[in-house]
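Walk through this model step by step.

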Amino acid sequence: MRILLVEDTADVAEAIIAHLSRIGHTVDWQSKGNEAAKLVTDPYDLLILDVMLPQQDGFSLLTRVREKGLTTPVMMLTACAEIEERVRALDLGADDYLIKPFDFRELDARIRVLLRRSGGEATNLLSCANLTIDRKSRTASLDGMPLELTRREVTLLEIIAARPGRIFGKDELIDRLFSVDDTPNANTVEQYIGRLRKKLAGAGFEIRTLRGLGYQLVLLPSGTPSPSSAAAH
């Protein structure tokens with residue numbers, strides 16, 4: 001999902017970004033607390049905040065997030081293993097705390113837990129009709145058969161399949177799929193939706209275009225083929 005990373009050590013930040021991007025997440029990076037404070041109201045799925053930052057530390061950013069009433073999951077990063085610091089972060093509203101140096105496998109697992117928790121789910125598997133998405137492996141299958149999807153296609157499918165019936169505007173999807181350094185536009189989203197429709201022949205749902213509003217995943221009555229499936233026969 002879309003993640004804001006606030007970390008002032010460039011090599012650490014670059015390593016985290018490279019890793020999270022490889023597994024399908026979109027990551028924006030800020031190295032200074034004051035600049036990050038301007039972004040925390042954006043629609044991020046997760047905030048990863050280093051404790052020690054120039055201008056404004058991670059605790060101050062965390063306090064700002066919670067004072068605004070935002071429920072975005074927050075993971076704190078620190079090189080300090082003192083229990084007092086961890087307790088302070090949790091009391092201020094942090095959802096998790098990771099001590100540097102850490103193994104990326106642990107970071108991945110903790111992120112999955114936070115994203116599951118925020119979505120009210122108990123496992124890494126997301127099911128929608130005959131579609132299953134494995135958030136751990138970043139793969140998807142239809143009727144048990146694997147789908148050949150790019151990482152970004154999996155992410156887009158995950159976003160809309162997690163909330164059937166909800167309308168997602170193009171701007172919202174752009175915000176959640178791309179970082180501030182990308183240069184997407186409405187046509188980019190249309191192209192991804194078009195590719196998904198072709199690859200989802202036989203799905204128990206369809207992705208509808210609502211002119212002027214955006215896209216909506218709609219479950220089909222049992223036994224009804226999706227439009228893409230019908231067109232293939």
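What should the 13 residues of helix H1 span at 1.5 Å a residue, and how far apart are its end C-alpha atoms? Helix H1 covers residues 10–22. The expected span is 1.5 Å times one less than the number of residues. For H1 that rule gives 18 Å, and the end C-alpha atoms are 18 Å apart, so the two agree. Keep in mind that this is a predicted model.

Now look at what H1 packs against. Its buried residues are Ala13, Ile16, Ile17, His19 and Leu20. Four strands take up these contacts: S1 (2–6), S2 (26–30), S3 (46–50) and S4 (74–78). Helix H5 (104–118) is a further partner of the buried H1 residues. After H1 comes Gly24, and its phi is positive, near 105°.

Next, a charged residue. Glu85 sits in helix H4, which runs over residues 83–92. Glu85 is buried, yet it has no salt bridge. The nearest side chain of opposite charge belongs to Arg88, 6.4 Å away. What does Glu85 touch, not counting residues up to four places away in sequence? Its contacts are Val51, Phe59, Thr78, Cys80 and Tyr97.

Cys80 leads on to the cysteines. Cys80 has a relative accessible area of 24%. Buried means under 20% and exposed means over 50%, so Cys80 counts as partly exposed. Cys128 has a relative accessible area of 4%, so Cys128 is buried. The count of disulfides is zero.

Then take a glycine in a loop. Gly204 lies between helix H8 (186–199) and strand S11 (205–210). Is Gly204 buried or exposed? Its relative accessibility is 18%, so it falls under the 20% cut-off and counts as buried. Leaving aside neighbours within four places in sequence, Gly204 contacts Ala129, Asn130, Leu219 and Leu220. The C-alpha atoms of Gly204 and Gly93 are separated by 39 Å. Along the chain, these two glycines are 111 residues apart.

Last, the confidence. The mean pLDDT of the protein chain is 87, and 92% of its residues reach 70 or more. Over residues 229–233, though, the pLDDT is below 50. Beyond near neighbours in sequence, this stretch has three contacts in the model. Where pLDDT is low, predicted coordinates should not be read in detail.

Methods: Residues are numbered from 1 along each chain as its sequence is written. This is a predicted model: local features need pLDDT of at least 70, side-chain atom pairs count only at pLDDT 80 or more; totals for chains, interfaces and linings use all residues. Side-chain values use heavy atoms; hydrogens and water are left out. Helices (H or I, at least four residues) and strands (E, at least two) are DSSP runs, numbered from the N terminus. Buried means under 20% relative accessible area, exposed over 50%, partly exposed in between (1.4 Å probe, protein chains only). Contact means heavy atoms within 4.5 Å. Lys and Arg count as positive and Asp and Glu as negative; His and the chain ends are not counted. A salt bridge is a side-chain nitrogen of Lys or Arg within 4 Å of a carboxyl oxygen of Asp or Glu. A disulfide is a pair of cysteine sulfur atoms within 2.5 Å. pLDDT is the predictor's confidence in each residue, from 0 to 100.
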